[in-house]
Amino acid sequence: IKNKNLEDGQIIFLKDVRFFRGYDIMNMQQEGMDMRILIKNASLVFEDRVEKGDLLTEGQRIVQVGGNIDAPADQVIDGSSCFVFPGFIDTHTHFDLEVGSTVTADNFVTGTKAAVVGGTTTVLDFATQERGMTLMEAFHKWENKAKNSSCNYGFHMAMSEWNDARIAEVPLMIENGVTSFKMYMVYDNMRLSDGVMYEAIKYLAKEDCIIGIHCENDDILKARVKELKAAGKTGSRYHAVSRPNIVEADGVGRLMDAAYLAGGPAWVVHLSTKEGLAIARRARERGQEVYLESCPQYLVLEESMYDASDGAKFIMSPPLRSKDDQEALLKAMAAGEIDWIGTDHCSFTMAQKAVGKDDFSKTPNGGTGVQNRAEIVYTRAVKGGYLDIVEMGQLLSTRAAKLFGLYPRKGALQAGSDADVVVFDPEAPHVVHAATNLHNCDNSPYEGYEAAGKARDVLLNGQLVVENGQLVAPGKGEYVHRDRCGRYRK
């Protein structure tokens, strides 16, 4: 093992040790191990400041950061007028997901190409344990799906069961680097009771693992869907009508109470409403450990879009909300109350969406977004005056790395961290089009969105994989083995 700074006489046994000082020994790539890349004259985005300087990588690691670095390099990148971030982490994607008889338009090959071009160097997808399946079977299934990914990847384990057999597998998940889980309050094939979620939160908290919850009141939304369809109200706009703000807020409240009694952390996935936000705030005020994730669609898209001729492409859950909800979320981001932004990328073609043309409840839920997350957050939140660049880095990378057991290997610009680096050009205006995105889908909910900047160059594991906005080295992603959760709000 080269360049690991072993002390004299120190011995490690590779057959017993996979990870050593943050290095994934089993997955080291021989190709390009000694490549040195120097980024010059950039605005380096640290956790607490922006500083003009240089950054040098060697092999798969950052070796020097800041100041004027005068060192030989195989490749020099001019970072003038650009921000350099630690690689972005998308905490919420659904690639190659089977929804009934329908499979998402994007698998890991196409989805991660779009992700890395947008500056995302790691995605955390949801390995789904279907009823009757073991957790290890789900893990191996997603492991096979993720082969040939173009960015790094890890998994949350989405669970449809919580019983003695599944509980017995949790240590095996931790051993394999899966330290976060998910449960649903909705969907008949995945829905679990509040009591089960209480038990899971309590058990997993002792292991320093966390479980995210899709928060909606399933009984109420089903009753509303039934009423709307009986009244002949079946168009796309009624998807949002069936799931008003209070449906999410009720779920958030139930999660907060369950987590309070369990004495464990509460993680709300894809928060979309001001009412849900208010409930989470009250939980924090009574001393709870609460983590909030939101998504770009809830910052820039409005519920009125369901009235468009292509309104079906906006059908996702939770649905799009009002301008008031957008403003509440943006202000919460500015106050540090939102922990990170994921995309909930779950893509379907317009032909797949057309299944619900006469019945909104049959339209597969989800939309694209994995390529456009950073540029939307920059345009809407930074240029819009809600965030500064440091806060953008926290939302897109650092906090996710800290909670999900990746920090400081990822989420940091410091010597020894992984050489996952984004050179972001803040003066690169462009318009988002599905036709020019790399995802394998014929539509985008952000079609026509005018973005102010975008990722220009991306280093993944020390290799330049995106150059001047073009993917030049696909398929270089690796599995990221995660430590137990770094619960920074504990």
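Helix H12 spans residues 373-382 and is mostly covered: 9 of its 10 residues are buried (buried means under 20% relative accessible area, with a 1.4 Å probe and protein chains only). Among the buried ones are Arg-373, Glu-375, Tyr-378 and Val-382. Helices here are DSSP runs of H or I with at least four residues, strands are runs of E with at least two, and both are numbered from the N terminus.

This is a predicted model, where local features need pLDDT of at least 70, side-chain atom pairs count only at pLDDT 80 or more, and totals for chains, interfaces and linings use all residues. Residues are numbered from 1 along each chain as its sequence is written, and side-chain values use heavy atoms, without hydrogens and water.

Turn to the sheet. It is open, with 8 parallel-paired strands in the order S8-S11-S12-S13-S14-S15-S16-S17. Strand S8 (88-93) and strand S17 (340-341) are the edges, each pairing on one side only. Two strands pair if DSSP finds at least two bridges between them. S14 (residues 210-214) and S15 (residues 266-268) pair over 2 bridges. Ile-213 has Val-268 in S15 as its bridge partner.

Now the largest pocket. It holds about 1000 Å³ of space. A pocket is an open set of points on a 1 Å grid over the protein atoms alone, where a 1.4 Å probe fits, with protein on both sides within 12 Å along at least five of seven lines; lining residues have an atom within 4 Å of a point. Of its 44 lining residues, the closest to the centre are Val-99, Gly-100, Tyr-187, Asn-189 and Asn-365. Helix H5 gives the largest share of the lining, 4 residues.

Terms used: Buried < 20%, exposed > 50% of the residue type's maximum accessible area, 1.4 Å probe, protein only. Points joined across faces, edges and corners; volume = space filled by probe spheres on them.
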